[in-house]
Structure formats: structure tokens, C-alpha cells
Amino acid sequence: MGLMTFLRNRAGYILIGAIGFAIVAFLVGDAINVGKPFWAESQKVVGSIDGEEISIDTFGPKVDQSLAQFKQQYGGSGNAQMQAMAVDNVWNGEVAGVLLGKEYSRLGLNVSSDELFDLMQGQNPSPLIVQYFGNPQTGQLNRADVITSLKQRAKNPQLNQQWALLETEITKQALQQKYANLVRNSLYVTTLEANDEYQNRNKLANFKYVSLDYASIPDANVKPTESDYSDYYNANKKRFENPTETRSFEYVSFSVSPTAADSAAVKAQVDKLAADFRTAPSDSLFAALNSDVKVPYTYLSKGKLDPAVDSVVFNLPAGSYYGPKFSGNSYKLVKVIDTRFSPDSVKASHILIDPTKLGGVDKAKKLADSLRTLVQGGASFATLASQYSVDGSKDKGGDLGTFSRGQMVPEFENAAFDGKAGDLKVVTSQFGVHLIKIEKQIGSSKVAKLAYIEKSLAASSKTKDAAYKKASNFLSEVKDNNFTELAQKNKYTVGVADKVTGSQGFAPGLDNPRQLIRDAYAADKGDVLKEIYQMENAFVVARVTGINPKGPLSLEAVKKDIEPMVRNAVKAKQLTEKMNAALQGAGNIDQVAQKLGKPVAPVQNMVFANPIIPGAAQENKLVGTVFGSQPGKLSKPVDGERGVYVFTVDGFGNPAPLANTYKQKESMMQAAAQRSLGSAFQALQDKAKIKDNRVKFY
């Protein structure tokens, strides 16, 4: 009855609520049916820069391109740190593009069509044009190549797109150069500044000091109060400006490193594999099927393999067998199939033919054979390449430059290195049919064709399951407030990752922390993250311990970091009292030293610009006070970085008057100019409203 009465009395409210919900559901349903929910676009925003939103649709492809460039530059398949570098690289570019673009507009900076023409094909070519169309040996620009390529862009959509991108970059560089010049030309060094700098670097001070080190008071004897912390914090607030939000977390790592049983099992597997490898009828196929690391079945030059194997294999004759050899956490087994001497590098050109456009590989080969006949009859290879080739080298007459082994696909590489200068060869690869012209072969060294097997020493599934079970049990037991206590009870080591940014690709002790960092940024302080994170050799359970927002950090946020400095500040007060007691009635530095039982330390030829006390530390405050003191007078105590000091100045050595003020100003101007563009851009960032959501996507 109670429930029925409740429903009857509130039927009107329930009906209104139901109708309202139905309307919302209808509208939302329409939005979903259309395929573009009203919130969908906001979910794509990687960040906003002064009101301009950056969509993942445009940001993502740029990251992929940047990552590909890093892979090419540094090698490897890419890792979390390389990914983070790519994301940072693109984000910084977006920030620079928006903020500098607005600044260029505000200042009225632009690049006219005449300027752009001059930068692309005139007398003052852009460095980018020189880079793409210059001779690598001489650095001279080939204007004929530039003009030829510009003429062809109208007929070639791909080339036209490349030129459009190049024009954008040339314009961007030109605008940046104008802005940099504008900033540099606004700089000025006064005569007074020039003389001060000259004095700071050349005036010499000779003084003696007595010191009481902070280390003379045990840390255990010093208990800073809340007032001590507040005093230090308020006196140094500018040091605690946080440029971007950071998170801190603690974690327990459950290792999945191979056990002794795992090692024995892998060794037994490798021994059997070695026996089968010796008698395998097809060396290359057996290696390809059984190796954890795929090494191309082609001729390799010395230095490409693990040093422990490389140093031996290249001294063995064809038909030899080597291994198993354990190094670098894996077993290596090698059969030397053949050895020979081969060029170190080859200079070649090619014409790439796409079989799909001609109706098959056979027809593509026939065309390649026909082109080879034409070249043998005196036709220009470069001209034919520009007409028939389908890759970017056509604009350079098919020229691929000089390359070493390992830079081309195996079919192409074998043809280029096995032939001789002047040969014309037709080969088929994954890219199509090539007509290759071997222009030149350089050097000669021993190469070997190897059947190569590598088996990694990895943890077994049993070991991984045991580690995961430990991690799972810990996660199920841990609460937000007992993480460290429970870890210590189970004798687990607690790791700490402090002040981690949202885009960071690394964290102390963790090799693949991106997902953990993303989840930490979606959690609150004190939360235990609900997932078990898999690293390369461990499972990890983590808890968020701190959130430091962008801007001034609170005393609570920096309290742990400033504890050593606050403790020294308390020690400085105690040692200052001791110094003042020694100064009472003392007429010179020797009497002060005698009262304290400390030696007098002389310092000769100290300069203001390099305030490092020999055998002590960098003491800016002490040296600054020295240069502001009168000779022969005992100083008051000065609290420095390492201790408390009392000194007396013996005298100053003044340099000769500045002979060339103009040269001094010019030197200072150059130093300021090098910093100016970065400082100006930093000022634009400080003034701008920037919202960074990258952690939601990467």
C-alpha cells in the first residue's frame, strides 16, 4: 500500500519526467541516427590555443608523420618515448603556428608573391630549395631542376601537392626570419650595461673567509616548524611556478623475468633446434620459421649483427656452423651459406613501372625490356625515367643517389651489388618492376649470406601467470590509504614517479607507462588505479599520490621538495648566532677563526661573473656581498648554499678601462639575439590561453 500511495501522490511528477526523458531520448536518438552527435566534435579536441581548437582529425596524421620521421632518424619500430616525442613535436608546432600567426598578423608581416618567387627560383633561394635542389657536394643550387619541376607540377597532382607543402614551409620560414629580425632589431645595449658587464668579467677580488658548514649540525637535530616552511616558501615563491600540470604516483612492480626453470627450458629448446638446424634441407626456410628476430636472407656486411656473433662469423668460411651463442638475453645460431667480396656502396638510377597500370607483371617486364633496349641504343635514361617512372625519383631522372647494403629491398639490393658499373638490370620487387642502371660501385669488403636464428630467453606462461596473480591479489586487497603499508607487509618495493607530465613517454622504472599516465590523469589524488598495467618484464599496480595544477604550487605541494632547504635555513639561523658571538670583540678575521676553531681560507682573483669558491660551492650571495664590500672590514654573517660565512676583503684588482665599447656592445647584442626569439615566443605562450587535452588521446 505504501508504494501505491507514493506513486499515486507523485504521478504527475513522474509523468512529466517521463515525457521529458522521452523528448531528450528522441533528440539524442536523431542526433545519433544522423551520425554526428552534438557532443562528438568536442570529443575530438586535442587542445585549444587562444580559442582555436585543434582536432584529432588533423593532429593525428601529423603525429604519424612525425613518428615515421623519428623512426627513420633513430631506427627501430618506435617506442612510448619516441611516440611522446612525436606528439610533443607536433603540439609545439601547433602552438607556434597559432601564436606566431596571430603575432605576424598583428604586426602586419607577410610574404609577397614577388618575395615568394625570389625564394623559390630567384637570386635569394630559400634554404629549403637549396636543400632539395642543391648539389650535395658543392652546395650549389641547380635552378634548371627547380624550373623543370615547377613546370611539371601542373601535370602531376602528387608533385603539385608536394610543391604546395614546400611553399607553405618556405613562407613559414620567411615569416619567422622577419619576426626574428624585428625582435633582434629592437634590442639595445647601453654604454653603462657594456661597462658593467666588462667589470663583472674582469674586476678581481681577493678576500679571506671563515665558514661554518651546515653539515656540522646533524639533520636529526633540526626540526623545522610550520613557520620555517612558510617563511622559506614566501621568500622563494617564484621558484614554485608550475609551467604545466603534473601528476605523481607510486607503484608496485611484479617482475616477470625468466626463472631458473624458464632458462633451463629455453636452453633445452635451443639445443634441439641446433641439432635440427644442422641437418635442415632448407637453411633459409628453417631459420625464417624458427627465429624470433628476422634477419634478411641476403648478403650482410660486417657490423650488422650482435658483436659477440659478428666478430666470429665473418672469419668463418662458407659451410660453417656457429652456435648456440648466448648474448644480449638471447641464443644465436648461424650457418654461413656463402662469403664474397662486394662493393661497400652503389650509385644507381631506376625506372619504376607499376604493373597494375599495365595489366600485369608480364607486361610491365616487357616495357622494362623495351626501355632497356632504348637505353642501350643511346636513349637518355633520365628522359625515359621522367616519362615512365611512377616514383618521386622521376623528377631527378631516376637518380637514387648512393646507398649501402640494407637500404633497399633485397631484390633491388642484390641486382645493384651483384652486377657491375654500367649494367642495366630488370628486377621485380614488392613496389613493381624496376629497370636499374648501375652508375658506380664504391669500395670492396667481405660480405656473408647467413641463415640466422635468434631465440630470446623469455619468461614462461607459468611465470607470467604467477606474477599476474600476485598483482591481482595486491590490487584486490589494496585501499586508497594503505598502499605503502600493504606493500611493505608483503615485502614489495614501492616505486615513485614524481611530477609526470600528461604527454610524458617515460617514468622512472617503467618501460611502457603511457596508459598508466593517461589513467592517472583521469583519476583523483589518492585513487588506486583499477587496472593492472603490463610492462615489458613486469605487471604494475599504481596509486595517484599528487596532482600539481598549472600555476603557482601550494606550500603543501612543494613541502617535501623544499625540506632540505628549509632545514638548512634553520641551521643558518643557529650558525649565524654562533658567528655573531665570535664577531663580538673581534678585530680581524683571524680572531674570528680562532674563536670558532676554524681555519681562514684565502681566495684570490675571484670574478663576479663566476662565483664558484674553490673547494666549496657556487656561492652567489657570498660573492655578490664581497663585491659590494669595503676592503679591510669584517663582514656580517652571510648564509650561503653550503654554510654561513664571515669574510674580509683584502682588495680589488680593477681592469684597464674598456678600450672598445662598440665591440663589447656587439658581443652582448649577439648573446641577447640568440635568446631573443625564444624569449619572445615564451612571452606569447605565457600570455595565451592554452588548454592541453593530449593525454586523452595518447
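Is Phe 326 buried, partly exposed or exposed? Phe 326 is partly exposed, because its relative accessibility is 39%. The cut-offs: buried is under 20% relative accessible area, exposed is over 50%, and partly exposed is in between, with a 1.4 Å probe and protein chains only.

Some ground rules. This is a predicted model, where local features need pLDDT of at least 70, side-chain atom pairs count only at pLDDT 80 or more, and totals for chains, interfaces and linings use all residues. Residues are numbered from 1 along each chain as its sequence is written, and side-chain values use heavy atoms, with hydrogens and water left out.

Now the sheet. It is open, has four strands in the order 18-3-20-19, and pairs in the antiparallel sense. Strands here are DSSP runs of E, at least two residues; helices are runs of H or I, at least four; both are numbered from the N terminus. Two strands pair if DSSP finds at least two bridges between them.

Which strands stand at the edges? Strand 18 (601-606) and strand 19 (638-639) do. Each has a single partner strand, so one side of each is left without a neighbour in the sheet. Strand 3 (204-213) and strand 20 (643-653) share 10 bridges. In one of them, Leu 204 partners Gly 653.

Helix 20 (555-583) packs on this sheet. It touches strand 3, strand 19 and strand 20, and makes about 55° with strand 20. Contact means heavy atoms within 4.5 Å. Helix 21 (589-596) lies across strand 3 and strand 20, at about 20° to strand 3. Axes are lines fitted to C-alpha atoms, for helices over the stretch in contact; angles run from 0 to 180 degrees between N-to-C directions.

On to the rings. The whole structure holds 21 aromatic pairs. Rings of Phe, Tyr and Trp (its six-membered ring) pair with centres within 6.5 Å; planes under 30 degrees apart are stacked, over 60 edge-to-face, the rest tilted.

Take Phe 207 and Phe 647. Their centres are 6.4 Å apart and their planes stand at 75°, so the pair is edge-to-face. Phe 207 sits in strand 3 and Phe 647 in strand 20, 440 residues apart. Phe 207 is buried, at 0%. Phe 647 is buried too, also at 0%.

Tyr 331 is buried, at 11%.
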